[in-house]
Amino acid sequence: MTGGVDVYEKTPLSVVDGIPVFSTPDDYVDNYVRISADHLHSLKSEGRNPFIPEEIWMEAEGSTRDLVEKYSGKDARILDVGVGLGRLLSPMDGCRKYGMDISLEYLKVARDKGIEVCLSRIEDMPYRKESFDVVVCTDVLEHVVDLNLCCGRILSVLKKGGILVARVPYREDLGSYLDPGYPYRYAHLRSFDEHSLRILFEKIFPCRFLEWTTAGYREDRTRLRYRLPAGEGILMRLVSLARLGGESCYRKTLRKAFFPIEFNAVIRKEA
Ligand SMILES: C[S@@+](CC[C@H](N)C(=O)[O-])C[C@H]1O[C@@H](n2cnc3c(N)ncnc32)[C@H](O)[C@@H]1O
(Lines give C-alpha, C1' and ligand atoms only; values in the text may rest on other atoms or scores of the structure.)
Protein backbone atom coordinates (compact mmCIF):
# COMPACT_ATOMS: atom_id res chain seq x y z
CA MET A 1 0.00 0.00 0.00
CA THR A 2 1.35 3.48 -0.79
CA GLY A 3 0.22 6.92 0.34
CA GLY A 4 -0.58 10.26 -1.30
CA VAL A 5 1.70 13.05 -2.54
CA ASP A 6 0.96 15.38 0.40
CA VAL A 7 3.95 14.04 2.32
CA TYR A 8 6.31 16.49 0.62
CA GLU A 9 7.12 19.87 2.14
CA LYS A 10 9.13 20.96 -0.91
CA THR A 11 8.33 21.27 -4.60
CA PRO A 12 10.46 18.89 -6.67
CA LEU A 13 13.17 20.40 -8.90
CA SER A 14 12.02 18.03 -11.63
CA VAL A 15 10.24 14.74 -12.15
CA VAL A 16 12.21 12.01 -13.93
CA ASP A 17 10.47 8.82 -15.05
CA GLY A 18 7.63 9.75 -12.69
CA ILE A 19 10.01 10.09 -9.70
CA PRO A 20 10.17 13.49 -7.94
CA VAL A 21 13.74 14.82 -7.71
CA PHE A 22 14.79 17.11 -4.84
CA SER A 23 18.61 17.09 -5.12
CA THR A 24 21.10 18.20 -7.73
CA PRO A 25 23.97 15.94 -8.81
CA ASP A 26 27.42 16.49 -7.32
CA ASP A 27 30.56 14.52 -6.68
CA TYR A 28 28.96 12.58 -3.79
CA VAL A 29 25.77 11.72 -5.70
CA ASP A 30 27.77 10.68 -8.79
CA ASN A 31 29.84 8.33 -6.61
CA TYR A 32 26.67 6.51 -5.46
CA VAL A 33 25.19 6.48 -8.96
CA ARG A 34 28.39 4.65 -9.99
CA ILE A 35 28.17 2.21 -7.08
CA SER A 36 24.52 1.41 -7.84
CA ALA A 37 25.33 0.95 -11.55
CA ASP A 38 28.12 -1.53 -10.66
CA HIS A 39 25.78 -3.31 -8.24
CA LEU A 40 22.92 -3.60 -10.75
CA HIS A 41 25.31 -4.67 -13.52
CA SER A 42 26.71 -7.46 -11.33
CA LEU A 43 23.19 -8.54 -10.32
CA LYS A 44 22.18 -8.74 -13.96
CA SER A 45 25.32 -10.38 -15.34
CA GLU A 46 26.35 -12.65 -12.42
CA GLY A 47 23.22 -12.74 -10.26
CA ARG A 48 25.08 -11.48 -7.18
CA ASN A 49 25.73 -8.41 -5.07
CA PRO A 50 29.46 -7.60 -5.47
CA PHE A 51 29.62 -5.85 -2.08
CA ILE A 52 28.14 -8.37 0.37
CA PRO A 53 27.31 -12.11 0.25
CA GLU A 54 23.58 -12.68 -0.19
CA GLU A 55 23.19 -14.81 2.96
CA ILE A 56 24.69 -12.11 5.20
CA TRP A 57 22.56 -9.43 3.54
CA MET A 58 19.39 -11.51 4.03
CA GLU A 59 20.21 -12.24 7.66
CA ALA A 60 20.85 -8.54 8.35
CA GLU A 61 17.64 -7.55 6.54
CA GLY A 62 15.61 -10.10 8.48
CA SER A 63 16.98 -8.80 11.79
CA THR A 64 15.95 -5.25 10.90
CA ARG A 65 12.54 -6.23 9.50
CA ASP A 66 11.74 -8.05 12.77
CA LEU A 67 12.26 -4.77 14.64
CA VAL A 68 10.34 -2.64 12.13
CA GLU A 69 7.40 -5.06 12.41
CA LYS A 70 7.64 -5.08 16.21
CA TYR A 71 7.45 -1.28 16.43
CA SER A 72 4.99 -0.52 13.57
CA GLY A 73 1.30 -0.29 14.34
CA LYS A 74 -1.34 -1.17 11.75
CA ASP A 75 -1.30 1.21 8.78
CA ALA A 76 1.92 2.87 10.03
CA ARG A 77 3.58 5.34 7.69
CA ILE A 78 7.15 4.08 7.23
CA LEU A 79 10.06 5.83 5.48
CA ASP A 80 13.14 3.90 4.33
CA VAL A 81 16.03 6.40 4.13
CA GLY A 82 18.58 5.18 1.56
CA VAL A 83 15.99 2.66 0.34
CA GLY A 84 18.29 1.02 -2.24
CA LEU A 85 16.41 -1.78 -4.00
CA GLY A 86 13.51 -1.59 -1.51
CA ARG A 87 14.12 -5.13 -0.27
CA LEU A 88 13.53 -4.38 3.39
CA LEU A 89 9.98 -2.99 3.16
CA SER A 90 8.76 -4.87 0.09
CA PRO A 91 7.50 -8.01 1.94
CA MET A 92 5.70 -5.93 4.60
CA ASP A 93 1.93 -5.56 4.33
CA GLY A 94 -0.52 -3.27 6.10
CA CYS A 95 1.69 -0.18 6.14
CA ARG A 96 2.27 2.86 3.94
CA LYS A 97 5.74 2.60 2.46
CA TYR A 98 8.00 5.46 1.36
CA GLY A 99 11.61 5.48 0.25
CA MET A 100 14.27 8.03 -0.64
CA ASP A 101 17.67 7.54 -2.25
CA ILE A 102 20.13 9.29 -4.57
CA SER A 103 20.27 6.53 -7.20
CA LEU A 104 17.48 6.81 -9.76
CA GLU A 105 18.08 3.24 -10.94
CA TYR A 106 17.65 1.85 -7.41
CA LEU A 107 14.53 3.97 -6.95
CA LYS A 108 12.89 2.54 -10.08
CA VAL A 109 13.36 -0.97 -8.66
CA ALA A 110 12.02 0.07 -5.23
CA ARG A 111 9.00 1.78 -6.82
CA ASP A 112 8.17 -1.43 -8.69
CA LYS A 113 7.92 -3.11 -5.27
CA GLY A 114 5.08 -0.79 -4.17
CA ILE A 115 7.16 1.85 -2.39
CA GLU A 116 6.43 5.53 -3.03
CA VAL A 117 9.88 6.94 -3.80
CA CYS A 118 11.72 10.20 -4.38
CA LEU A 119 15.27 11.12 -5.29
CA SER A 120 16.77 13.18 -2.51
CA ARG A 121 19.89 13.42 -0.42
CA ILE A 122 19.14 13.16 3.28
CA GLU A 123 20.66 16.62 3.56
CA ASP A 124 17.83 17.95 1.30
CA MET A 125 15.09 16.07 3.21
CA PRO A 126 11.88 16.86 1.26
CA TYR A 127 9.20 15.38 3.53
CA ARG A 128 6.95 17.32 5.91
CA LYS A 129 8.09 17.50 9.51
CA GLU A 130 6.84 14.74 11.78
CA SER A 131 5.08 12.78 9.03
CA PHE A 132 6.33 9.24 9.76
CA ASP A 133 5.58 6.75 12.53
CA VAL A 134 8.70 4.75 11.79
CA VAL A 135 11.88 5.59 9.89
CA VAL A 136 14.29 2.86 8.93
CA CYS A 137 17.82 3.53 7.77
CA THR A 138 20.01 0.53 6.99
CA ASP A 139 23.67 0.70 6.02
CA VAL A 140 23.51 4.42 5.32
CA LEU A 141 24.76 6.37 8.37
CA GLU A 142 28.31 5.10 7.83
CA HIS A 143 28.24 6.70 4.34
CA VAL A 144 27.01 10.23 4.90
CA VAL A 145 29.47 13.12 4.98
CA ASP A 146 27.88 15.10 7.81
CA LEU A 147 26.48 12.56 10.27
CA ASN A 148 24.96 15.00 12.75
CA LEU A 149 23.25 17.02 10.02
CA CYS A 150 21.78 13.86 8.48
CA CYS A 151 20.57 12.49 11.84
CA GLY A 152 18.85 15.82 12.49
CA ARG A 153 17.15 15.71 9.07
CA ILE A 154 16.03 12.11 9.60
CA LEU A 155 14.61 12.85 13.06
CA SER A 156 12.81 15.95 11.78
CA VAL A 157 10.40 13.84 9.69
CA LEU A 158 9.72 11.36 12.50
CA LYS A 159 6.68 11.99 14.74
CA LYS A 160 7.31 12.65 18.43
CA GLY A 161 7.31 9.23 20.06
CA GLY A 162 8.11 7.73 16.64
CA ILE A 163 10.74 5.04 16.14
CA LEU A 164 13.97 5.10 14.17
CA VAL A 165 15.43 1.68 13.38
CA ALA A 166 19.03 2.18 12.26
CA ARG A 167 21.34 -0.61 11.14
CA VAL A 168 25.08 -0.02 10.76
CA PRO A 169 28.22 -2.15 10.52
CA TYR A 170 29.60 -3.08 13.95
CA ARG A 171 33.19 -2.08 14.79
CA GLU A 172 34.26 -2.20 11.18
CA ASP A 173 37.94 -1.98 10.24
CA LEU A 174 37.96 0.93 7.78
CA GLY A 175 41.52 0.32 6.50
CA SER A 176 40.50 -1.09 3.13
CA TYR A 177 38.72 2.17 2.20
CA LEU A 178 42.09 3.95 2.34
CA ASP A 179 43.71 1.47 -0.04
CA PRO A 180 44.82 3.42 -3.14
CA GLY A 181 43.25 0.64 -5.26
CA TYR A 182 39.79 1.06 -3.67
CA PRO A 183 37.53 2.01 -6.61
CA TYR A 184 35.22 4.61 -5.03
CA ARG A 185 35.96 7.94 -3.43
CA TYR A 186 33.15 7.74 -0.87
CA ALA A 187 32.12 4.57 0.93
CA HIS A 188 32.20 3.95 4.66
CA LEU A 189 33.46 7.05 6.45
CA ARG A 190 33.11 5.93 10.07
CA SER A 191 32.69 2.93 12.31
CA PHE A 192 30.08 2.46 15.07
CA ASP A 193 29.43 0.42 18.14
CA GLU A 194 26.43 0.39 20.46
CA HIS A 195 27.98 3.07 22.68
CA SER A 196 28.84 5.54 19.92
CA LEU A 197 25.35 5.31 18.41
CA ARG A 198 23.70 5.64 21.82
CA ILE A 199 25.82 8.67 22.76
CA LEU A 200 24.96 10.27 19.41
CA PHE A 201 21.20 9.86 19.77
CA GLU A 202 20.85 10.36 23.53
CA LYS A 203 23.36 13.14 24.15
CA ILE A 204 23.17 15.15 20.94
CA PHE A 205 19.54 14.46 19.99
CA PRO A 206 16.45 14.19 22.22
CA CYS A 207 16.06 10.44 21.83
CA ARG A 208 15.96 7.29 23.91
CA PHE A 209 17.90 4.17 22.88
CA LEU A 210 15.36 1.35 23.42
CA GLU A 211 17.19 -1.79 22.37
CA TRP A 212 19.81 -3.17 20.03
CA THR A 213 20.17 -6.46 18.18
CA THR A 214 22.97 -7.99 16.14
CA ALA A 215 23.34 -9.97 12.93
CA GLY A 216 26.03 -11.77 10.98
CA TYR A 217 28.34 -13.92 13.11
CA ARG A 218 30.94 -15.70 10.99
CA GLU A 219 34.19 -17.60 11.50
CA ASP A 220 36.53 -14.72 10.73
CA ARG A 221 39.75 -14.41 12.72
CA THR A 222 39.87 -10.66 12.11
CA ARG A 223 36.61 -10.31 14.09
CA LEU A 224 37.48 -12.39 17.13
CA ARG A 225 36.38 -10.75 20.39
CA TYR A 226 39.45 -12.04 22.23
CA ARG A 227 43.17 -11.87 21.64
CA LEU A 228 45.40 -14.61 23.05
CA PRO A 229 49.15 -14.27 23.56
CA ALA A 230 49.50 -17.68 21.87
CA GLY A 231 47.67 -16.40 18.79
CA GLU A 232 44.16 -16.85 17.44
CA GLY A 233 44.66 -20.40 16.14
CA ILE A 234 43.47 -22.04 19.37
CA LEU A 235 40.25 -20.02 19.46
CA MET A 236 39.55 -20.72 15.81
CA ARG A 237 40.03 -24.46 16.43
CA LEU A 238 37.68 -24.36 19.45
CA VAL A 239 35.00 -22.71 17.33
CA SER A 240 35.37 -25.40 14.68
CA LEU A 241 35.07 -28.09 17.34
CA ALA A 242 31.77 -26.56 18.51
CA ARG A 243 30.23 -27.88 15.27
CA LEU A 244 30.43 -31.34 16.79
CA GLY A 245 27.95 -30.20 19.46
CA GLY A 246 25.26 -29.49 16.86
CA GLU A 247 23.89 -26.36 15.18
CA SER A 248 22.66 -24.58 18.31
CA CYS A 249 25.96 -25.11 20.16
CA TYR A 250 27.88 -23.86 17.10
CA ARG A 251 25.69 -20.73 16.76
CA LYS A 252 26.11 -19.92 20.48
CA THR A 253 29.88 -20.33 20.18
CA LEU A 254 30.01 -18.05 17.13
CA ARG A 255 28.19 -15.31 19.08
CA LYS A 256 30.57 -15.70 22.01
CA ALA A 257 33.76 -15.78 19.95
CA PHE A 258 33.17 -13.16 17.23
CA PHE A 259 31.87 -9.63 16.85
CA PRO A 260 28.74 -9.41 14.69
CA ILE A 261 29.03 -7.82 11.26
CA GLU A 262 26.04 -5.52 11.74
CA PHE A 263 23.84 -4.20 14.50
CA ASN A 264 20.39 -2.60 14.72
CA ALA A 265 19.50 0.15 17.15
CA VAL A 266 15.92 1.07 18.04
CA ILE A 267 15.69 4.75 18.92
CA ARG A 268 12.60 6.65 20.09
CA LYS A 269 12.25 10.36 19.39
CA GLU A 270 11.31 11.91 22.73
CA ALA A 271 10.71 15.57 21.89
C1 LIG B 1 24.80 0.39 1.36
S2 LIG B 1 23.41 1.01 0.54
C3 LIG B 1 22.07 0.41 1.57
C4 LIG B 1 20.79 0.30 0.81
C5 LIG B 1 19.61 -0.26 1.61
N6 LIG B 1 19.26 0.59 2.72
C7 LIG B 1 19.93 -1.65 2.10
O8 LIG B 1 20.12 -1.85 3.31
O9 LIG B 1 20.04 -2.55 1.26
C10 LIG B 1 23.43 2.75 0.93
C11 LIG B 1 22.31 3.49 0.24
O12 LIG B 1 22.25 4.83 0.71
C13 LIG B 1 22.16 5.73 -0.37
N14 LIG B 1 22.75 6.98 0.11
C15 LIG B 1 24.05 7.21 0.44
N16 LIG B 1 24.20 8.47 0.87
C17 LIG B 1 22.98 9.06 0.84
C18 LIG B 1 22.49 10.38 1.15
N19 LIG B 1 23.31 11.32 1.61
N20 LIG B 1 21.18 10.63 0.97
C21 LIG B 1 20.33 9.66 0.49
N22 LIG B 1 20.74 8.39 0.18
C23 LIG B 1 22.05 8.11 0.35
C24 LIG B 1 22.92 5.04 -1.49
O25 LIG B 1 22.55 5.46 -2.78
C26 LIG B 1 22.54 3.58 -1.25
O27 LIG B 1 21.35 3.20 -1.90
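Ala, Val, Leu, Ile, Met, Phe, Trp, Tyr, Cys and Pro count as nonpolar, Asp, Glu, Lys and Arg as charged, and the others, Gly among them, as polar. The model is predicted: local features need pLDDT of at least 70 and side-chain atom pairs pLDDT 80 or more, while totals for chains, interfaces and linings use all residues. Residue numbers start from 1 along each chain as its sequence is written.

**Exercise 1.** State how the residues of the shell around the ligand divide by class.

Solution. The ligand is surrounded by 16 residues, the closest being Tyr-32, Gly-82, Gly-84, Thr-138 and Asp-139. The shell divides into six nonpolar, six polar and four charged residues.

**Exercise 2.** Find which residues have the most contacts inside the largest nonpolar core.

Solution. Such a core is a set of buried Ala, Val, Leu, Ile, Met, Phe, Trp, Tyr and Cys residues joined through C-beta atoms within 7 Å; buried means 20 or more other C-beta atoms within 10 Å, exposed 12 or fewer, partly exposed in between, with C-beta atoms placed from the backbone. The largest core has 59 residues, and Val-135, Ile-154, Leu-164 and Val-165 have the most contacts inside it. Strand 7 (residues 158-169) gives the most to this core, six residues; strands are DSSP runs of E, at least two residues, numbered from the N terminus.

**Exercise 3.** Explain why Gly-18 counts as exposed.

Solution. Gly-18 lies in the loop between strand 1 (14-16) and strand 2 (19-21). Gly-18 counts as exposed because it has 8 C-beta neighbours inside 10 Å.

Terms used
Near = placed C-beta within 6 Å. Helix = DSSP H or I, 4+ residues; strand = E, 2+ residues; numbered from the N terminus.
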